[in-house]
Amino acid sequence: MLRNLRDLEDYAIRAIDGDIGHVKDFYFDDQAWVIRYLVVETGQWLSSRKVLISPIAFGHLDLQEKILPVSITREQLKNSPDIDTDKPVSRQYESQYHGYYAYSPYWGETGLWGPNFLMPEFMATPSDAQPQPDSVSAAASAAQHRSEDSHLRSCKVVMGYHIHASDGEIGRLHGMLVDEKTWAIRFLIVNTSNWWIGHQVLISPEWIDDISWANGKISLNVTRLKFKDAPPYDESIPVDRTHEISVYKHYENMGYWVKEQIPDDPRTSFPARDASERNRTEQSGLR
């Protein structure tokens, strides 16, 4: 299922032992185009401190109550490494963060999330983590890549970026659609009102030719006419696979689901999600 990140703003974040704050922003990887962290405003219980939470800890979204459960405790969050969200997130900080939660680093690995992606159980927590051969190897890999740039960008900062076709501007970046299963950014939502009033269209990050972060400009090697004839996007209607196929077919590209060959297998979900699903099944007596 694809979710509009705008719809997730201000969602409550619920730890294992209580609420910890609300979603204020998302950090995405500008190379892999995947959400790496969400920024949480903790409120008065933690002096309005801002903290990062990785999708590795996410459970299933509660759309009715607007709650995102996570597989960490309030105490773990309280003792997590401090971060200044007004400054770029360094790879060194990420190494500290992943080491604290005993997560394997995603950088330097294949796929969107490296070894985390196929793990069927909860990740180890700081209180019970024990060094294992794989974790030692992951730590060594993290140290090796520590000096690299993290390539993280704030979703809020890039909203409003100018979107340019090969023959002129077509609009501004209005939102992002993310895959709830992997938190990959599947589409950018372009508001074309400055050029074509009342229309929004979808583009895949794969089709971006260049990004000028300094000038707030995203360029694509596609004509304005191609965008004008593209399938329209309506925020009130969920994007299903039929819509995705129509978009990719219009731009004459192969769908990401074909290239990635994502199996319909629960092992490809995040660990917290699998465990939370099992807990709900056990509690309902349906096992």
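Predicted model: local features only at pLDDT ≥ 70, side-chain atom pairs only at ≥ 80, totals over all residues.
Me: Why does Lys259 count as partly exposed?

Reply: Lys259 has 44% relative accessibility. Buried needs under 20% and exposed needs over 50%, so Lys259 counts as partly exposed.

Me: With which residue does Lys259 form a salt bridge, and what makes the pair one?

Reply: Its partner is Glu206, with the closest N and O atoms 2.3 Å apart. The limit is 4 Å, so the pair counts as a salt bridge. Lys259 lies in helix H8 (residues 256–260) and Glu206 in the loop between strand E11 (200–203) and strand E12 (208–212), so the pair ties together parts 53 residues apart in sequence. Glu206 is partly exposed too, at a relative accessible area of 41%.

Me: Why is the contact of Glu252 with Lys226 called a salt bridge?

Reply: The closest N and O atoms of Glu252 and Lys226 are 3.6 Å apart. A salt bridge needs them within 4 Å, so the pair qualifies. Glu252 is in the loop between H7 and H8 and Lys226 in helix H6, so the parts tied together are 26 residues apart in sequence.

Me: How do you know whether Glu252 and Lys226 are buried, partly exposed or exposed?

Reply: Glu252 has a relative accessible area of 67%, and over 50% is exposed, so Glu252 is exposed.

Me: Which residue forms a salt bridge with Arg3, and how far apart in sequence are the parts it ties together?

Reply: Arg3 pairs with Glu180, the closest N and O atoms being 3.0 Å apart. Arg3 lies in strand E1 (residues 2–4) and Glu180 in the loop between E9 and strand E10 (185–191), so the parts are 177 residues apart in sequence. Arg3 is at 18% relative accessibility and Glu180 at 11%. Under 20% is buried, so both count as buried.

Me: Why is the pair of Tyr37 and Tyr97 classed as it is?

Reply: The structure holds 18 aromatic pairs. In the pair of Tyr37 and Tyr97 the ring centres are 5.3 Å apart and the planes are at 85°. Centres within 6.5 Å make a pair and planes over 60 degrees apart make it edge-to-face, so this pair is edge-to-face. Both residues are buried.

Conventions:
Residues numbered from 1 in each chain as written. Heavy atoms only, no water. Phe/Tyr/Trp six-rings, centres within 6.5 Å; stacked < 30°, edge-to-face > 60°. Buried < 20%, exposed > 50% of the residue type's maximum accessible area, 1.4 Å probe, protein only. Salt bridge = Lys/Arg side-chain N within 4 Å of Asp/Glu carboxyl O. Helix = DSSP H or I, 4+ residues; strand = E, 2+ residues; numbered from the N terminus.
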